[in-house]
Amino acid sequence: MMSSNRTTRLTVSLLIVALLALPLAMHNQYFLHVMIVIGINVIMAVSMWLLGITGLISFGQAGFMFIGAMTTALLTKNAGWPFWFALPLSAVAAGLVSAPVGRLSLRVKGVYFFLVTLAFGQVVAGVFAYFEDPFGGWYGIRNIPPPQPAALFGTLDKAAFYYLALGLVVLTCWIIHRISRSWFGTVLWSIREGDLLASSIGVDVPGSKLVAFIVSAFFAGAAGSLYAAYFGYISPLVFTFEYSVNVLVYIVVGGFASMAGPIVGAVVLTLVPELFRVTGKYQMMAFGLIMVGSMMLMPQGIIGAWQQLTTRRGRA
Amino acid sequence: MLSGLVTGLIYMLIALGVTLLFGIMRVVNFVHGELVMLSAFAIWFIGVNEGLTIWVALPVAIAVAAGIAVACQKLLFKPLQYDILNCFIVGIGASFAIRSAAWAIFGPEPQAIPAMLPGVIKLGGVFMAKQRLLAAGVCVVLAIALYLFLHFTRPGKAMRAVEQDREAALLMGINPESVYVSAFIISAALAAVGGAMLGSVFGVDPEMGSEPLLKSFIIVQIGGMGSIAGTVIAGLFIGVADSLTGTLLGGELAFIIDFAILMLILIIRPRGLFGYDV
């Protein structure tokens, strides 16, 4: 156990070093762009996974991401604040909204919770689309300023933004990893085995679920802030229910069992459509088919299939 | 006001299919909205493109929807042993695939189904399209027919028996699997008729299934999952609420009002008006 822990730690640090050195080796703007998109998707996948530990999936994650993105857009463009203040405030804004929403929607379980959060995501998009004055309506908000110093982030070179995204990804993954391995994380895993069972051993089931819901909304808000600052344009057509489902597909394909699952899923499923240049409606078809296929054939995801493969080989 | 009620009735008809499947086998069928869309396209294709009458097109549409529903049941839901969460996720995947296939085949332009009953009628000083009245009438008749079927016929009683206790029904000589198949067929038929009504009132396009599905989720949750009476009452309620907000505040806010009602129900009575705990 100890040695496997050490190899994991070594692999992760090697990976981070490699990612840090990446722009030096491959200074291709399109490549860096794909890496930044992967980073945003990884933050979303990991944040959804944290609540997913308890067996609940929030289909409103895109809604919280939208709230974060909108906060950043309004603060940096209309109020003229620097991005570095807007980023934490966006995450906090998403977290603040999630508290009452979670308090109510967690009164129901399982599929009921899916449906309520699904409706919530639609409501967020609906509200932002309805009020054109601050939120820009269906047209969204354009020309969101990049982070300061603009000379570094605003230029055509994406390397600085790549490091920003990488930093946020590593920070998010580290925090969520620590949470999932903490005492609180074990509480979340115990809820997965059944609400009644967990409460019978003294776990505060609704409270723990609520905290996980808020933390996951917090990081979705941070991802939204990053999205707004990077693309400079947000609209209700970006943060849709379909995007929430895409994030879920990352987790399903990667595997629920460990945090490596959502990360691997997000990386693979962002890269593959880019490689094949699958766009628009066919991308949705591909995602739908991948989702059905992996649920039917590989219910434990890539990580689960890999672990099964390695343990079988180890026994033989 | 009246036209909102008609829309509410159509949504109620679509929601009845969702609640029927949930009640009997605890499956939330996410493909239901795509059945609505595909059957509307089937009617458009046969009735408009091929020029045949609606009385040929409607049975074909029902057959198409029922075929896809049973295929989903046999290929997706049964291998997952009707596990509620896995079926939900797989249903989303299948629904996305079907919807984008419809985009690729039929294109994004909305198509129109001609009204089965053209013309308008004056009802107490308000002009109503006869087609809307027909749609309302069909929805009411089918809801009553479903209730009568479930309570007064042998197959309907078998369905309720499986709903109450699968094992006990098995011991009474009922084959749950065949009950599931007939439930999927009935639910698909309701979706197909709903699609025909929706298409003749609002037009046909590949996205037309997603809003009724979302609405029917809200309706079913307010009424209580698996309860026919709850679905009917919640459908009427949402229809009236939608048309009121539509006239007072504008149509786009209707969905937000629905969500507020849903949240209110969750505070007061999390299982819905007539539902049971899961």
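I'll start with one residue. B:Ala65 touches B:Leu35, B:Leu38, B:Ser39, B:Ala188, B:Ala189, B:Ala191 and B:Ala192, leaving out residues up to four places away in sequence. Touching, or contact, is when two C-beta atoms, placed from the backbone, lie within 7 Å.

Some housekeeping. This is a predicted model, where local features need pLDDT of at least 70 and side-chain atom pairs count only at pLDDT 80 or more, while totals for chains, interfaces and linings use all residues. Residues are numbered from 1 along each chain as its sequence is written, and chains are lettered from A and ligands numbered from 1 in the order in which they are written.

On confidence, pLDDT is the predictor's per-residue score from 0 to 100. Chain B averages 87, with 98% of the residues at 70 or above. Within chain B, strand 2 (residues 126–129) is lowest, at a mean of 78, and helix 8 (residues 176–202) is highest, at 93. Helices (H or I, at least four residues) and strands (E, at least two) are DSSP runs, numbered from the N terminus. For the complex, the predictor gives an ipTM of 0.81 and a pTM of 0.88.

Back to B:Ala65. Together with A:Ala45 and B:Leu13, B:Ala65 touches the most other members of the largest nonpolar core, which has 198 residues. Helix 1 (residues 2–25) of chain B gives the most to this core, 15 residues. A nonpolar core here is a set of buried Ala, Val, Leu, Ile, Met, Phe, Trp, Tyr and Cys residues joined through C-beta atoms within 7 Å. Buried means 20 or more other C-beta atoms within 10 Å of the residue's own, exposed means 12 or fewer, and partly exposed is in between, again with C-beta atoms placed from the backbone.

Next, the interface. The contact takes 33 residues from chain B and 31 from chain A. On the chain B side, helix 4 (84–106), helix 9 (210–223) and helix 11 (254–268) are the elements that give two or more residues. Helix 4 of chain B gives the most, with 15 residues. By class, that side has 28 nonpolar, four polar and one charged residues. Nonpolar covers Ala, Val, Leu, Ile, Met, Phe, Trp, Tyr, Cys and Pro; charged covers Asp, Glu, Lys and Arg; the others, Gly among them, are polar.

Chain A has 15 helices and zero strands. Its radius of gyration is 19 Å, close to the 20 Å from the globule rule for 316 residues, so chain A is as compact as a globular protein of that length. That radius is taken over C-alpha atoms, and the rule is 2.2 Å times the number of residues to the power 0.38. Of the 316 residues of chain A, 47% count as buried.

In helix 2 (residues 29–52), 18 of the 24 residues are buried. In helix 11 of chain A, 19 of the 27 residues are buried, so this helix is largely enclosed by the rest of the structure. A:Gly232 follows helix 11 of chain A and has a positive phi, near 75°.

Last, backbone exceptions. Most residues other than glycine have a negative phi, and most peptide bonds are trans. A:Asn143 has a positive phi of about 55°, and is exposed, with 8 other C-beta atoms within 10 Å. B:Tyr82 also has a positive phi of about 55°. The peptide bond from A:Gln148 to A:Pro149 is cis, with omega near -10°.
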